[in-house]
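Here is a brief report on one structure.

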Amino acid sequence: MATPLDQAAEELNRLRLARATTDELDATLQPAGIAEAYEIQDRMIRLTGQRPAGWKVGATSGVIQDKLGVSEPIAGPLYEQSMFPAPAELAAAEFSHHAIECEFAFRIGRSLAVGDGPYTLEAVASVVEAVVPAIELISPVFETALGGHFPSRVADGAMSAGIVVGAATAVDGAPDLRDAAVALSVDGAEVASGRGADVLGDPREALVWIANHLKSRGRTLDAGMLVSTGTMTGLVHLEPGQTAEADFGRFGRVSVRFA
C-alpha cells in the first residue's frame, strides 16, 4: 500500500512530466520536515529509473538559509539528459520557470573512498579532476520557488531542472576559488555578479557538505559525477527570447536562451 511519502513522490513526478505547476502539495502529502523531504526525493529518483549523473547544492549562503529557515545547504540530483552544453538554446515550453543561477561545478575524477568518519576537505578535493563553469536551471513544480512550504521544494529535487555546462578546466584536486568571480549579463547588460567566497565562504565546502550528506543517505560521489556548488549571483528570472551569459573569467563563458 502506497504511503503518503510514496504518494507525494508520485504527485511531484506527475507534475514534472506534465510540465505543470501547483500552488502547494495537498497538506496530507507535504513532508513534515527536511528529513522527510529527502525520503520523498529518494522515491522520485527511483521513479525516474535513472541514476543521478551528479548533484546540485543549494542554499549556500547564510542570508538564504535564514530566509528559508534552514541551518545547512540542500541537495538535489542532476541527470545526464538534463545536462546541456553551452551555448544552449532550450525550448521555453519544456520548463515551468525560466530562472537561472551561476555556479562553479566540480567534475569528480575517481570515486570517493568510503570512510568511517566525516569526509575532510583534503579527502574530497583529492578526487576532483576539473572545474566546470555552469548555469543551473531552476524550475520547480510550484508556482513560487522561494516562497511557500520549503521542505516540499527540497523534495522536488531541490527545484533543479538541469544545468548548462561550459568547457571543463582540468585540475589536480579542487583549486581555491574563493576569489574567482562571475558576472551575469542578460541581453548584454550586467544584472548580477559574485565570487566563490559567496558559496559557504569557499565552494569546496559545498563539495565537502554534499559528500557527507550523500554518505548519510547511503550514497557516494562516483567518478564522472558533476557537483554544482551553489549560486554566486542569486536567482535571476529570464523571459523567453532573452540570452543570459555568465563570464567566469579564466574559466570561460556559459550562455543560455529560452526560445
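## A bridge between two strands

Ala-183 has Asp-247 in strand 13 as its bridge partner. Strand 9 (residues 181-186) and strand 13 (residues 243-247) run antiparallel and share 4 bridges. Strands here are DSSP runs of E, at least two residues long, while helices are runs of H or I, at least four long; both are numbered from the N terminus. Two strands count as paired if DSSP finds at least two bridges between them.

This is a predicted model: local features need pLDDT of at least 70, side-chain atom pairs need 80 or more, and totals for chains, interfaces and linings use all residues. Residues are numbered from 1 along each chain as its sequence is written, and side-chain values use heavy atoms, without hydrogens or water.

An open sheet holds 5 strands in the order 4-14-13-9-10, with mixed pairing. Strand 4 (88-90) and strand 10 (189-195) are its edges, each pairing on one side only.

## The cavity

The whole structure contains 1 cavity of 30 Å³ or more. A cavity is a set of points on a 1 Å grid over the protein atoms alone where a 1.4 Å probe fits but cannot get out; lining residues have an atom within 4 Å of a point. The largest cavity holds about 30 Å³, a volume being the space filled by probe spheres set on the points.

Its lining is Tyr-38, Gln-41, Asp-42, Ile-45, Trp-55, His-213, Leu-214, Arg-217 and Arg-219. Helix 2 (34-48) and helix 6 (203-216) each supply at least two lining residues. Helix 2 gives the most, with 4 residues.

Key. On a 1 Å grid over the protein atoms alone, a cavity is a set of points where a 1.4 Å probe fits but cannot get out, and a pocket is an open set with protein on both sides within 12 Å along at least five of seven lines; lining residues have an atom within 4 Å of a point.
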